[in-house]
Amino acid sequence: MSYSLKPSKVFLSQIKDLPSNDKLLIAEKIKLAQLNPFRNKSLKVSGLTKVFEIKVTINQLYSRIVYTIHGNEIRIECIINRKNDFKDLLKLLQKARQE
């Protein structure tokens, strides 16, 4: 099955000011997820299914790229800081879905 990518405006605003080497790393990780979106760890989010995370280091900070799967579309929702233990996940997911 072929999956298409759809980045959210929240995600695009988060990566806008990143250095080019971090953007390349994110692109590589997302390309791997596009080949097999179920390769990464799934997250348990109340009220949502098929939510996954990609662990990555951006600007020397441990982060997670969060994406969801809807049919054959991978929606890249946001990047969250791993030290916050998902405290801002629901807020960012709701913001990304309001577009």
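Colleague: Is I30 buried or exposed?

Modeller: I30 counts as buried, with a relative accessibility of 9%. Buried means under 20% relative accessible area, exposed means over 50%, and partly exposed is in between, using a 1.4 Å probe and protein chains only. Keep in mind that this is a predicted model, where local features need pLDDT of at least 70 and side-chain atom pairs count only at pLDDT 80 or more, while totals for chains, interfaces and linings use all residues. Residues are numbered from 1 along each chain as its sequence is written, and side-chain values use heavy atoms, with hydrogens and water left out.

Colleague: Fine. Where is I30 placed, and which residues is it in contact with?

Modeller: You'll find I30 in helix α2. Helices are DSSP runs of H or I with at least four residues, strands are runs of E with at least two, and both are numbered from the N terminus. Leaving out neighbours within four places in sequence, I30 is in contact with L5, F11 and I76. Contact here means heavy atoms within 4.5 Å.

Colleague: And what separates the C-alpha atoms of I30 and E77?

Modeller: Those C-alpha atoms are 12 Å apart, and the two residues sit 47 residues apart along the chain.

Colleague: OK, on to V10. Which helix is V10 in, and is it buried or exposed?

Modeller: V10 belongs to helix α1, residues 9-15. It counts as buried, at 8% relative accessibility.

Colleague: Switching to aromatics. How many aromatic pairs does the count come to?

Modeller: Two aromatic pairs. Rings of Phe, Tyr and Trp (its six-membered ring) pair if their centres lie within 6.5 Å; planes under 30 degrees apart count as stacked, over 60 as edge-to-face, and the rest as tilted. One of the pairs is F38 with F52, an edge-to-face arrangement with 5.5 Å centre to centre and 85° between the planes.

Colleague: Where do F38 and F52 lie?

Modeller: F38 is in the loop between α2 (20-35) and β2 (41-45), and F52 is in strand β3 (residues 48-58), so the pair ties together parts that are 14 residues apart in sequence. F38 counts as partly exposed, at 44% relative accessibility, whereas F52 is buried at 6%.

Colleague: What about F52 and Y67, how do their rings sit?

Modeller: Their ring centres are 5.5 Å apart and the planes make an angle of 20°, so this pair is stacked. Y67 lies in strand β4 (residues 61-70) and F52 in strand β3, so that pair joins parts 15 residues apart in sequence. Y67 is buried, at 1% relative accessibility. Put together, F38, F52 and Y67 make up one aromatic cluster.

Colleague: Now the loop between β3 and β4. What is phi for N59?

Modeller: Phi of N59 is near 55°, a positive value in a residue other than glycine. N59 sits in that loop between β3 and β4 and is partly exposed, at 39% relative accessibility.

Colleague: And for Q60, what is phi, and is the residue buried or exposed?

Modeller: Q60 isn't a glycine, yet it has a positive phi of about 60°. It also lies in the loop between β3 and β4, and it counts as exposed at 73% relative accessibility.

Colleague: One more residue: N81. Where does it lie?

Modeller: N81 is in strand β5, residues 73-81. Leaving aside neighbours within four places in sequence, it is in contact with Y62 and S63. The C-alpha atoms of N81 and Y62 are 6.4 Å apart, with 19 residues of separation along the chain.

Colleague: Time to zoom out. What pattern does the protein follow along the sequence?

Modeller: There are three helices and five strands, in the order β-α-α-β-β-β-β-α. Its radius of gyration is 13 Å, close to the 13 Å that the globule rule gives for 99 residues, so it is as compact as a globular protein of that length. That radius is taken over C-alpha atoms, and the rule is 2.2 Å times the number of residues to the power 0.38.

Colleague: And what share of the 99 residues counts as buried?

Modeller: 39% of them. Also, among contacts between residues at least 6 apart in sequence, 49% join residues at least 24 apart.
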